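Biologist: Hi! Could you walk me through this one?
Modeller: Happy to, let's take a look together.

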Amino acid sequence: MRSQFSSISLLAAVSLSLAACTSYIKRDEYDATVQELRAADRNLQSQIDALRGDLEVRFGDYDARFTQLQGRLRVDMTTHFEFDSAELRGQDRPVLDDFARVIGEYHPDVLVTVEGFADPAGSTGYNERLGQRRADAVRDYLVSQGLRGDRIRAVSYGEAPNRQVVPGGWGPDGEPNRRVALVIDFRGAG
């Protein structure tokens, strides 16, 4: 009986060992996968670097700042709004025209998120809606300039304190808070 139990235990251990081997990844397969991932990261980084270079050349005359994030490029531009308004100013249209030209010509498949902001002068709910109207206005303008509507989304951060350029600033001091920012996302771009 003991011998039969030992044989069954040994057979079970061998079966488990063999079953575990079926999910084993060979070292060369692992290395190849890692190399593919690294190549994809390098490709993504080169796309981001190329777009950043294109935008920096085009926006040299504008007050634009670029921040590189994981798979994204954030563009803070001088697209601001009058107090309690979601209407694009004429002086902001040229920078949006240039932005649309660069994206449309060189990077039409990226995903652009237009982030709308407000100063804290109104209620939180009102500022959330105002930030959305501002983001929608810029989104609609970019689409009217030829960018694909399915590749541009608009979101609002309203008066979010952690997103204010001038904390608590409103009225004349709050113009930097009444803005949009553009985020270019390469993830999922075709």
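Modeller: Going from the N terminus, the elements of the protein come in the order α-α-β-β-α-β-α-β-β. Keep in mind that this is a predicted model.

Biologist: Thanks! How many helices and strands is that?
Modeller: The protein has 4 helices and 5 strands.

Biologist: And what share of the residues is buried?
Modeller: Of the 190 residues in the protein, 37% are buried.

Biologist: Which residues have the most contacts inside the largest nonpolar core?
Modeller: Those are Leu96, Phe99, Val114, Val138, Leu142, Leu182 and Ile184, in a core of 26 residues. Elements giving two or more residues to this core include helix H2 (27-58), helix H4 (124-144) and strand S5 (179-185).

Biologist: Which element gives the most to this core?
Modeller: That is H3, with 6 residues.

Biologist: Switching to S3: why is it described as largely enclosed?
Modeller: Because 7 of its 7 residues are buried, S3 is largely enclosed by the rest of the structure. Both faces are covered, with Leu111, Thr113, Glu115 and Phe117 on one side and Val112, Val114 and Gly116 on the other.

Biologist: Does S3 run parallel or antiparallel to S5?
Modeller: S3 and S5 are antiparallel, joined by 6 bridges. In one of the pairs, glutamate 115 has alanine 181 in S5 as its bridge partner.

Biologist: And what about S4?
Modeller: S3 pairs with S4 in the parallel sense, over 6 bridges. Phenylalanine 117 sits opposite glycine 158 of S4.

Biologist: What do S3, H4 and S4 make together?
Modeller: They make a right-handed β-α-β unit.

Key
Residues numbered from 1 in each chain as written. Predicted model: local features only at pLDDT ≥ 70, side-chain atom pairs only at ≥ 80, totals over all residues. Heavy atoms only, no water. Buried < 20%, exposed > 50% of the residue type's maximum accessible area, 1.4 Å probe, protein only. Core = buried A, V, L, I, M, F, W, Y, C linked by side-chain atoms within 4.5 Å. Pairing = 2+ DSSP bridges. Right-handed = clockwise from strand over helix to strand, strands pointing away.
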